[in-house]
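Subject: Structure for you to look at

Hi there,

Here is the structure I promised to pass on. Have a look at it first, and then read my notes below.

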Amino acid sequence: MTNLTHSDTNVVQDLRDSIRECTSRGLLFAAKWRVLLLSIPASRRHVSHHTNRQSTFSTSTPARSRSPRPSFVDESPVPTQILPQLSQPLQSSAPTRHPHAPLLAPFDYGSRELDAQEEDSLATARICFESKEYSRVPALVVGCVSPAARFMSVYSRFLVSEHSAISEWHKFDASRNQPVEPINDTIKELLREVVNDTDPFLLFLKAIFLSRFSRREEAIEAAILSIAGFPWNWSSWTLLSSCIRDGEELTALLPLLPLPPTHPLVQMFQIRTLNELQNPSENEIALCDRLLELENYPGSIWLMIQRATALYHLHDFGQAEAQFDRIFALDPYRIDDIDILSNILYVTNNRLKLTKLANEFLAVDKNRPEVCCLVGNHYSLRGEHIKAIKYFRRATQLDRTYLSAWTLMGHEYVEIKNSHAAIEAYRRAVSTSTLDINRKDYRAWYGLGQAYELLNMHEYALHYYQYATALKPYDVRLWQAQGMCYEEMGRRAVECLKRALIPADPHEITINLMLARIYRDLDEHAEAVAYHRRVVEVCQSDLRPVQDYAKSCLEVAAYQLKIPDGDLLLAQDYLERVAASNAEDVDRAVEMLKAVHIAMQTRIRSTNEELGRVLNMLATTDAAQGIIPPPPTNQ
């Protein structure tokens, strides 16, 4: 990895410029990069104050003049020319540059002189923007021709139209007439205004509008071109991440980016995207660790959050909680991603800590969707499912795109056995729009399967379980759920359950018991006994009480008694363990133990008789050959 130290001046200056440019346009989310700037040690930040800015970014690709602006639409009649192989994964782990990837272009800071002539209008517009008086902004920048003024005009009209559309949409809450998403017809007009623009910030708006129409590949192209023109606009990276559907698409997309794979922005984008896809790996943990090293961004809370989130998705809940503890020691009132911590505390059944956290953050800001999710998890863990539903619904009202709240609401409806309401909530979680499907959250698809299973609609349940399994192929629960559906439908569930054993804990016994039962029903007793023996071995190695594996002991013993050459010593050992315990099968074990003793005595007598016959036969044969005298005969 390329360390930050080789270009401290460029990186620090890029961050400062991005904060100024994003703030001047009202992109406050992107301007939060100030936190990343502060994570760089002060000694390296101060060096760049008196250094002249030269090349904005250090990459393997030479910088290119903004005149003429590179256009890929002109190179081909296909509007998504830079995405011809998006669905094809790369063959190597180190992606090479795609021939259609845009070249990095330095941002045109020369427009500052033009902005100075309009500074009064822009300054007033910024004040209105910061006070959320968006409807006043377009009138204030009328006549301004700078890119910043155009951006603020279009962006403010978009925000006003969004607010109006969402207000109309909420009028139909809890109604069958409510559309899947708010209807904003103004976006079409705004898209026409920016469709041919080359300014990176207007390209960012173009990408937003295209994504709202589910024109995903065109939105990806516009986002990539925006990044090429101004890489440190994190909002463009976030939008690009939201357009990616799976890990293969991410792998195919990396060569299309204008920055090399070793650039910290690309690595942060990769980490965040795989976390959003709920599919990180140990590689993403390693990337976080390297970016958090002293020579990079050692104090970055954002990177710490990404690391904790990756650990959560990898089910390493202990390490994830410890990482969050370190984060809140540095920033105790951070609300972003508090819902992830609440999920961790819920899964680990840490009721005391979850209650304390809910009370603290309700006092900080009760109108944040993350806080509502936190409180919902708190009530869910206490078994107060109606109150939990209330807070999860409140989270969706505060942010309709907060899809995990719909998923958690569906879980609560399943708990109170309201399958129809659960299905509706899960459908909201998986349908991001009338034209698009959320392929990222496997939990909603799994929840749909559970809801239909409650309704005994196993064909439907199986369909949704299979969808969830495609998103999370190494999740034991999903394969187990499929197996149970197949079993209810009268089909063999063996293959699904065997597949579930691959990623399962080596000390797991439930799936082995299910396989043993299925094989017994299929009259394949040898296979059934093999799984019962596995259960006994696991329980004995874990020093579990005999009650946990008594029935498996009896099954193995019964099979050994039944077959002609059964292992009676093994059966005796298993039965003696059960007979000496306080399991409910003690009486049966004692009776079977008597049968084993009888069988052993019978086998001994039979063996002795057989041995006698063999010895007599051998003696007769030797006598006939004159080796030994024949045995004496009675006269």
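This is a predicted model: local features need pLDDT of at least 70, side-chain atom pairs count only at pLDDT 80 or more; totals for chains, interfaces and linings use all residues.

**The second largest pocket**

The second largest pocket holds about 530 Å³ of space. A pocket here is an open set of points on a 1 Å grid over the protein atoms alone, where a 1.4 Å probe fits and protein lies on both sides within 12 Å along at least five of seven lines; lining residues have an atom within 4 Å of a point. Grid points are joined across faces, edges and corners, and the volume is the space filled by probe spheres set on the points.

Its lining has 22 residues, and nearest the centre are Asn-279, Leu-471, Lys-472, Pro-473 and Tyr-474. At least two lining residues come from each of helix H12 (247–253) and helix H24 (458–471); helices are DSSP runs of H or I with at least four residues, numbered from the N terminus. By type, the lining splits into 10 nonpolar, 5 polar and 7 charged residues.

Local features need pLDDT of at least 70 and side-chain atom pairs count only at pLDDT 80 or more, while totals for chains, interfaces and linings use all residues; side-chain values use heavy atoms, with hydrogens and water left out.

**Salt bridges**

The whole structure has 28 salt bridges, each a side-chain nitrogen of Lys or Arg within 4 Å of a carboxyl oxygen of Asp or Glu. In one of them, Arg-25 pairs with Glu-21, with the closest N and O atoms 2.6 Å apart. Both Arg-25 and Glu-21 are buried (buried means under 20% relative accessible area, exposed over 50%, partly exposed in between, with a 1.4 Å probe and protein chains only).

Lys-387 and Glu-384 form another, at 3.3 Å between the closest N and O atoms. Lys-387 is partly exposed because its relative accessibility is 41%, and Glu-384 is partly exposed at 22%. Asp-441 and Arg-443 also meet in a salt bridge, 3.0 Å from N to O. Asp-441 counts as buried at 6%, and Arg-443 is buried at 15%. Elsewhere, salt bridges with shared partners link Glu-321, Asp-325 and Lys-353 into one network.

**Two loop residues with positive phi**

Most residues other than glycine have a negative phi. His-315, however, has a positive phi of about 65°; this residue sits in the loop between helix H15 (301–313) and helix H16 (317–330) and is partly exposed at 42%. Asp-523 has a positive phi near 60°, lies in the loop between helix H27 (510–521) and helix H28 (525–541), and counts as exposed at 58%.

**A nonpolar surface patch**

Leu-611, Val-614, Leu-615 and Leu-618 make up a nonpolar surface patch with about 350 Å² of accessible area together. Patches take residues with over 30% relative accessible area and no salt bridge, joining like charges within 9 Å and nonpolar side chains (Val, Leu, Ile, Met, Phe, Trp, Tyr) within 5 Å. Areas come from the Shrake-Rupley method with a 1.4 Å probe; for residues, only the protein chains shown count as cover. Leu-611 is in helix H31 (residues 586–624) and is partly exposed at 47%.

Best wishes

Note on methods:
Residues are numbered from 1 along each chain as its sequence is written. Ala, Val, Leu, Ile, Met, Phe, Trp, Tyr, Cys and Pro count as nonpolar, Asp, Glu, Lys and Arg as charged, and the others, Gly among them, as polar.
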